[in-house]
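Let's walk through this structure together, one region at a time. Have the viewer ready and follow along.

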Amino acid sequence: MAIRQTEAFLIRTYPLSESSMICVFYTKDFGKVRAVARGVRNTKSKFRGQLDLLNRGELIYNEKANRELQSVREFDLIDNFDRIKANFNLFTYACYFSELVDAMESDGADNPDVFLLLTHTFRSLQKMTDLRLFARAFELQLLQISGYAPDFTRCGTCGRSFTVNDVNLHYYDQSGEIVCTSCSTPQLVSLSRGSCELMKRIQETNFDRLKRIRTSQRNQKEMRFVLSSLISFHTHRRLKSLEFLDLVEKDKW
Ligand SMILES: [Zn+2]
């Protein structure tokens, strides 16, 4: 058995028994880690107030090789993001980002860029005015880090670079490929070149500069469709928190 220490975000929790809980952490050094926090639900637990969803802290855990579930020894709180948690909308978005990381990333595959993305995301979230755009930026960056980002510059079938003449593109929602009109088939979904270019721009934009980007309702809808179908394709599921977000924000769509 090894004792590991690293910074971590608590991205998911599940009750395990009356007193214990399964915690899913995204750690700085070891990627996604699942661990049991024993006694956490007891009133006198040393973990009380520490192991809340989204919290960032210094995690110490026991690691046994070939075990899916590790064991939490200590978690020293660094930030509980109380301003995010105090705002229902921000908290709902933050839960979606956490669930998305859990769904996209495999256990034990360490990716420091994902930890960095979560760090920037929770730091930037409360400053954002357009949360829908911010969610698309998060999705695009996570897809890119995970190696699943679509190519927004050239046709996925013939390889030709898109030009100003490609006003209408098409999207193959099973694989995330974007194709030109010549390569399109009737089953494909139409996608404006404007939305395609916008996604490329958002992918390359620092969160602090997102507020300079203007989008139309059509752009928002197209980007939402492309990215959510791509995410469903790679995670093989619909995320509950995304469905909840749609419900919360239904008047915006
Ligand atoms: Zn083509």
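Start at Ile202, which sits in helix H5 (residues 193-204); helices here are DSSP runs of H or I with at least four residues, strands are E runs of at least two, and both are numbered from the N terminus. This is a predicted model, where local features need pLDDT of at least 70, side-chain atom pairs count only at pLDDT 80 or more, and totals for chains, interfaces and linings use all residues. Residues are numbered from 1 along each chain as its sequence is written, and side-chain values use heavy atoms, with hydrogens and water left out.

Ile202 is buried, at 0% relative accessibility (buried means under 20% relative accessible area, exposed over 50%, partly exposed in between, with a 1.4 Å probe and protein chains only). Beyond its neighbours within four places in sequence, Ile202 has contacts that include Leu133, Leu210 and Met223, a contact being heavy atoms within 4.5 Å.

Now turn to helix H7 (residues 240-248), whose buried residues are Ser241, Leu242 and Leu245. Seen down the axis of H7, they fall within an arc of 100 degrees, so they line one face of the helix; the arc is that of the directions from the helix axis to the C-beta atoms. Helix H2 (88-104) and helix H6 (217-235) are among what covers them, while Lys240 and Leu247 are exposed on the face turned away.

Finally, find the zinc ion, coordinated by the SG atoms of Cys155, Cys158, Cys180 and Cys183 at 2.3 to 2.4 Å. Donors are N, O and S atoms within 2.8 Å of the metal (3.2 Å for Na, K and Ca); water is not among the atoms, so sites may look incomplete.
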